[in-house]
Each structure stands twice: as structure tokens, then as C-alpha cells.
Amino acid sequence: MHSIVCIKQVPDSAQIRVHPVTNTIMRQGVPTIINPYDLFALEAALELRDQFGGEVTVLTMGPPSAEESLRKALTFGADRAVLLTDRSFAGSDTLATSYALASAIRKIGKEYGPPDVIFTGKQTIDGDTAQVGPGIARRLGVQQLTYVSTIKALDLKLRTIEAERRCEGGVQVLGSKLPCLVSMLEATNQIRRGAMIDALRAARTTIVKWSAQSAGVDDMANCGLRGSPTVVKRVFAPSARAEKATWVEAAEQPAQALIDAMFKRNPMLETELAQLASSAQARGA
């Protein structure tokens, strides 16, 4: 089987800087890492390869320096790495990013065989939107299984997959036809250390590098800032609240003590709650 894992090189969240004019993340001079959520997706793909055979291709879009993250992925055991890099991709939002990655995945399918499963992490730590994975699935016209915690079963003959995903209020078990896209949750597995032979191979491997044109991107108007309708108006750190929290402690009837303290601190709260209750009662009548 063939799995494609989309990863992203992200700035270390402890040292992120934002451009004062464009409000985009400044990556120059900031230490980078593989997006932590993507490591769980990579391990899930490697586990399927260990079980069923085949190959794992790792794909990322970014500047030439993103090659470092791809080599790191190769040390974990990935078979192939593809870097989609072009100045025209600069400033891409999730819509433009999913367009470019979907184009590259189609090209990978033609060059190295169509993928059975496309893996992504749940989200990235620099954007936190969780939109790129579903966007890729929509553009490729494949089913998507999001927030997956476990791959329960996979049948290559019947071309089916069964996965467990977390949702509000519980857990769902879903089935899908292949190919499909799976976005993995955090803490669902433990990334392997990788063997010495993989580390040596990663150092020698030639990273496949594609520009927008070589990746088969059809419409450049859908890439970069031109293809990004999302506009960040302002980036700021929330100001600290001047009012500090109050500690309420009571040996007996702690709940009543807490309520009394709330009403004492907010004298109008009791009146507002009574008005809301009265309104709700009137609507019910």
C-alpha cells in the first residue's frame, strides 16, 4: 500500500514572531520543528506499512529550509520525501495551501503510485485551524476521517478502512472506502526512534523538490497571497485582567459559600438571573 503523509515545518511556538505589516508569521531566524501533531500521522502511516507492506511518502510545502524536517521524517523510517517549494506559495492561507498540496498529491500518485491513505495531523500549532486536511480531501474528492484516534481495520482487497474517532460526547467508529484522508489526533501512538540505517539513508537521500509548475499546479491565482481570501486584520496579546481571582474556602456547604461570594462580588448578578428566568418562563408559557 502507499501512504502519503502531509507534514509541516513550523516555528517553535515559544519563539514565534509576527510581521507588523502583513500580520503573517515571520519564520526567518526562528528555530523550526516538525508540527507535533503530524508526528502521530507519520507513525500511523509507518505502522500500516509495517503491517501491509508498501511505501510511505512524506510531503511538505514550504521554503527550501523545510528540507530539514523532511530528512527528520526519513530518519523515522519514511521511504520518500517531496518538498513543494516556490516563492509563489508565500503567504498562503489554508485554502491556497490545500490547493497546492492537492496538486502535489496528484503528481505523487502519477509518479510513485496512487495513495491508499493520505495522513495529516489534526492541526498545526502555528495556525490551529484544522482546515488543511479536510480541504485536501475535498479537492481530491476522497472521503475524510477526522480526529481519528485508532485505525481499527484495513482491507486492501475490499478497499475499506475502519477507524475510531473522538467526537463530542463519546467515540464514533466509522468505515470508508479507499482512498481516503485521515487526520490523526495527538497522543494516539508513540513515534518510533528510527534505526541507524534510516538515519544514514536520510542523510544520503535526495529530496524530491517540485516548483508550482513541476507539481502540476494549474492556476497560480489560487496560490500564495493572491489565492488567500483570509486576511488577518490584527494580531495582539490579550491584556492581563486587573481584577484578580478570589479564593473561596468553606468546610461546610462549599457550593452555597461560592454562590454567596459570587453575588457579593457581582451585586447585579442575582437581578439579571431573575430576569432571565422570568423571560424564559414567559416564552415557555
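Reader: Which side chains meet in a salt bridge with D50 and R192, and where in the chain do the two residues lie?

Author: In this predicted model, the side chains of D50 and R192 meet each other in a salt bridge, with 2.8 Å from N to O. D50 belongs to helix 1, whereas R192 sits in the loop between strand 12 and helix 5 (196-204), so that distant parts of the chain, 142 residues apart, are linked by the pair. D50 is partly exposed, at a relative accessible area of 48%, and R192 also counts as partly exposed, at 24%.

Reader: Which residues are joined with D50 and R192 into one network?

Author: Salt bridges that share partners bring E43, R49, D50, D79 and R192 together in one network. The count of salt bridges in the structure comes to twelve.

Reader: How should I read the salt bridge between K8 and D126, and which parts does the pair tie together?

Author: Here the N to O distance is 2.9 Å. Because K8 lies in the loop between strand 1 and strand 2 (9-11), and D126 in the loop between strand 8 and helix 4 (132-140), the pair ties together parts that are 118 residues apart in sequence. K8 counts as partly exposed, at 27% relative accessibility, while D126 counts as buried, at 16%.

Reader: How are strands held in a sheet, in general, and what is the order of the strands here?

Author: Strands of a sheet pair through backbone hydrogen bonds, in either a parallel or an antiparallel manner. In this structure nine strands form an open sheet of mixed pairing, in the order 11-10-9-12-8-1-6-7-13. Strand 11 (170-177) and strand 13 (208-210) stand at the edges with a single partner strand each, and therefore one side of each has no neighbour in the sheet. Averaged over the sheet, and with direction ignored, neighbouring strands are turned by 30° against each other. Strand 9 (residues 143-155) and strand 12 (residues 180-184) run parallel and are joined by four bridges; Q143, for instance, has C180 in strand 12 as its bridge partner.

Definitions and conventions: Residues are numbered from 1 along each chain as its sequence is written. This is a predicted model: local features need pLDDT of at least 70, side-chain atom pairs count only at pLDDT 80 or more; totals for chains, interfaces and linings use all residues. Side-chain values use heavy atoms; hydrogens and water are left out. Two strands pair if DSSP finds at least two bridges between them. Axes are lines fitted to C-alpha atoms, for helices over the stretch in contact, and angles run from 0 to 180 degrees between N-to-C directions. A salt bridge is a side-chain nitrogen of Lys or Arg within 4 Å of a carboxyl oxygen of Asp or Glu. Buried means under 20% relative accessible area, exposed over 50%, partly exposed in between (1.4 Å probe, protein chains only).
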